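Visitor: I have not looked at this structure before, and I would like to learn how to read it. Could you take me through it feature by feature?

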Amino acid sequence: MQKHTFTISLFAGIFVLTALAQFGVINQYLQSVIMLMGVNIILSTSLNLVNGYMGEFSCGHGGFMCVGAYVSSVVTVLLFSKNHILGAPLLPPSLALFAFPLALFAGAAVAAVAGLVVAIPSFKTRGDYLAIITLAANYIVISAIDNMEIIGGPRGFMGMNATVHGMEGLLDIPWMLLWVLFGTVFTVWLLRRFVTSTLGKGVPAIAQDEIAAEIMSVDTNRMKLIAFMLSSGLAGLAGGLFAHILGYVNPHSFDIMKSTEVMVMVYLGGMGSLSGATLSAVLFTVLLEVLRPLEIWKWVVIPLLLILLMQFRPEGIMGNKELSDLFPKLKKYYSFK
Amino acid sequence: MKAMTIKVLVAVLALALGAFALMGCGTDSNVIKIGFNLELTGDIPKVGEASKFAAEMLKEDINSKGGLDVGGKKYKLEFVYQDNEAKADSAVNAALKLITQDNVVAIIGPNSSKQAIPAGGACNDNQTPMVSPWSTNPDTTKDRPWVFRAAFLDPFQGPVAANFAAKQFGAKTAAVLFDIANDYSKGLAEIFKVEWEKKSGAGTVVAFESHGTKDQDFSAQLTKIVAAKPDFIFVPDNYNQVALIIKQAHDLGYKGPFMGSDAWGSAELMTLCGKDCIGQFFSTHYAAAGAQGATKEFIDRYTTKYKYVPDDVAALTWDATRLVLQAVQEAGKVEKDIKAERKIVRDALANIKEFAGITGTMKFHGTGDPDKCAVVVQISPEGKFEFKESVCPQ
C-alpha cells in the first residue's frame, strides 16, 4: 500500500484541482497562478539537475525555455490557427487535443538539441567559463529570434489560443491546467528516476570530482551530454506550456532576468534537492503574487529575504536533502521504488 | 517536537492560502471599480508612475464632487492598481486578478505592447473591457472586441514623420538608425522607409542601420550614416538612446537635423541630452508647451502636484480613463451583476464615435483603434517641447 499512496494522492490531487477549476471554485486568477507555479517547478527542478546535482553553473536556462516556447507555438499555430506563413490551418480544431502534446514534445526536443550548444563546450570547460558560455547561449537564442521576421521578431508571436480553444471545443474542461499539472509531475518523476538510477549517479560524481569520476568508469562527456540535454529539453517543455498559457510569446520574456529568476529558485530550495526545488518554486511564485500590492517595495522585500536566507541557511531551504530525509516519519506514509 | 512544527507549518500554510483566496472579496454597490494594470516596477517604472499619478488626479477630481453621475445617481470611484513588473506573464496575472479577485468593471493598461498584447487576450477571453493608453502595436486590439486603445498606431506615425521632414527640411534623402530588438522602434523604422521611398523614389533612404537595446556606442553605425550624407536622420528610439545618438553624431561632424518619434517625449530627454537636442523635431501625442484649454489645465495641475511636466503617457492615461468613465455614464445605469455591467460598458465604449481628449479628438470607426491627430514638436532653447504642427489622418 505504501508504494502507491504517493501516486494515488498525486493523481487524486490533480483530479480535485481540475474539478475545482471546472466548477469555478478556484477562479481564473488562481488557476493562472497555479499554472505558473507548475511552469516554475519544471524550470527549477530541471536547472537543479545541472546547477545542483552536476555542480556546474548554468545561467542561460531562459534561452532553452525560449526555444521550446517558440517551436511548440509555431507548430500549433501552423496546425490550428490562421497564420501569415501558410494561411489556413492545416488540421481541424478537433485534433488539437492529440497534436498539442506532440507540439510540446517537439519544443522540448528542439530545446534539447539547442542544449548541445552548452553541452559540447562543457567537455573541455567548467566553472566560470562554462557559465559565460551558457550566458552567451541565452543571448544567441534571443538575438536569433529578434532577427527572424517570419515569427514576428521583437514584436513577438501569437495565435496559440486557437489550439487551447480547440481542445476546449472538444471537451470543456480547463485543459491547460491539466497539461501543466501533467507536465510538472512528468518532469519531477523523470528527474527523480534519472538521478537515482545507476546511470544518473554519474551526475553527482562529476560534481564531486571529475577526474575521480572518470577513473571510476563514469563516461563524463556522455553524462554531461545527457544532463545538459535533459535539463534544456525540460526547460523547453516549460516554455511550450508557458507560451500556451499566455497565448503570446516575446523573445524578451526569456532574457537573462528569467534565467536569474530560475537560478534564485534553485539556490533558494537547495542544490541537489528535488523537493527543495519544487518547494522553492511554489514559494517564490506565491511570494511574487502575495507581495504584488507592495509594488516597488516587493523588490526590496524579496532580495532581503534571500540575503537573510543565505546568511542563516546558506545551503538553501532543503540543503541537498529530500523531504523524507528531513522528516523520516513521512516514510511511514509513502515510499518510492 | 517535530510533529508539532509540522502541524504549525500546515496551519500557517492553510491560513495563508485561505487569506489568498479571499483577498478582494466583498463589494459595495455605490462604488464603481476600475482596474489599472501598470508597469510600476521593472524596466519602465516612470511610465507606470505617470499613469498612476494621472489616474489619482482624475479620481480625486470626481470623488471630490461626490462621485460619478450615472443615470442620476452618484457613484464613488475606486481605482485598483496592480503592478505588472513590465513582464508579459505578470501582466496576464495582474489582469486576471483584477477581473476575478478585484471584480473591476474595466481595466486601463498595460501601456507597453509587450504587456498589452497578452493582457488584452486575457481581458477579451474573460469579457472585460480594456483600454491601453500607450500601446501602438496593431495586435493589441486586432480581432478583440473588448480591447480598445487611446494612442495612434505606428502605421500612422511613420508617414507623419516622413511628410513633415520632407516639407520642413526640404529633404531628398534620409538615413534611419533604430533599435532592432525593440518592436516599436523596428516597426516604425520599416514603415518610415517604405513611406519615404514611395515619396522620393527607391534608394533615397541612403543608410538603414540598426543597434541593440543596451548599446552605448553608435559610432560604427553613425560613421556609415554620416558618410552617406543624408539630408536628415530619422531616429525612432527611446529617449535615453536618442541622447547618446545625437551627441555621438555631432562628435562625428554631422550638422544636419534629426527627426524623432513619440518615444523621445520624456521629461528626462533634456537632462540627458542637453544642448545637442535643441532645435530637433519629433512627432508625438501632444505638446506640453503652448497647450491650450483643458490640456493646459491638466498640465498645470499635474506639474503643481507632482513637480514635473506630464509626458504623453500621463495625458493618454487621463484620456483612456475618461473614455471608460464616459462609457460607464453613457450606459445609463449600473448593473448589480458585474458581468452584465462589463457588457453594457463595452457596448457603450464601442458606441462612442468621437471623444474629445486632452491629446486631441479621437474618432472610432467600429474598431478599438482611434483616428487622431499627431503633433510635431520642436525642442526649444529652454528645453521645452514646442508645438510646431498638427498632422491629421486624411
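Visitor: Let me begin with two helices: which residues in α3(A) meet which residues in α4(A)?

Guide: Before the answer, a word on the source: this is a predicted model, in which local features need pLDDT of at least 70 and side-chain atom pairs count only at pLDDT 80 or more, while totals for chains, interfaces and linings use all residues. Residues are numbered from 1 along each chain as its sequence is written, and chains are lettered from A and ligands numbered from 1 in the order in which they are written. Helices (H or I, at least four residues) and strands (E, at least two) are DSSP runs, numbered from the N terminus, and two residues are in contact if their C-beta atoms, placed from the backbone, lie within 7 Å. In this case, A:Phe64, A:Val67, A:Gly68, A:Ala69, A:Val71, A:Ser72, A:Val75, A:Thr76, A:Leu79 and A:Phe80 in α3(A) meet A:Ala96, A:Ala99, A:Phe100, A:Ala103, A:Leu104, A:Ala106, A:Gly107, A:Ala108, A:Val110, A:Ala111 and A:Ala114 in α4(A). Ala, Val, Leu, Ile, Met, Phe, Trp, Tyr, Cys and Pro count as nonpolar, Asp, Glu, Lys and Arg as charged, and the others, Gly among them, as polar; on that basis the contact of α3(A) with α4(A) has 17 nonpolar, four polar and no charged residues.

Visitor: At what angle do α3(A) and α4(A) pack, and is their crossing left-handed or right-handed?

Guide: Axes are lines fitted to C-alpha atoms, for helices over the stretch in contact, and angles run from 0 to 180 degrees between N-to-C directions. Helix α3 (residues 61-80) and helix α4 (residues 96-114) of chain A pack at about 145°, with axes 8 Å apart. A crossing is left-handed if the near helix is turned anticlockwise from the far one by less than a right angle, and right-handed if clockwise; the crossing of α3(A) and α4(A) is right-handed.

Visitor: How many residues does each chain give to the contact between chain A and chain B?

Guide: Chain A gives 28 residues and chain B gives 31 residues. On the side of chain A that touches chain B, α2 (28-53), α13 (274-290) and α14 (298-312) of chain A each supply at least two residues, and α2(A) has the largest share, six residues. By class, that side of chain A divides into 12 nonpolar, 10 polar and six charged residues.

Visitor: In what order do the strands of the seven-stranded sheet of chain B lie?

Guide: Two strands pair if DSSP finds at least two bridges between them. This open sheet has the order β8-β7-β9-β10-β11-β15-β16 (chain B), with mixed pairing, and its edge strands are β8 (205-211) and β16 (385-391) of chain B, each of which pairs on one side only. The twist averages 20° from one strand to the next. Within the sheet, β9 (residues 232-235) and β10 (residues 258-260) of chain B pair in the parallel sense over three bridges, and B:Phe234 stands opposite B:Met259 in β10(B). Helix α6 (residues 183-200) of chain B packs on the sheet, touching β7 (174-179), β8 and β9 of chain B, and its direction makes about 165° with that of β7(B).

Visitor: Which peptide bond of chain B is cis, and which residue has a positive phi although it is not a glycine?

Guide: Most residues other than glycine have a negative phi, and most peptide bonds are trans. Here the bond from B:Gly109 to B:Pro110 is cis, with omega near 0°, and B:Pro110 lies in the loop between β4 (106-108) and α4 (113-125) of chain B. B:Gln127 has a positive phi of about 50°, and its place is in the loop between α4 and β5 (130-132) of chain B.
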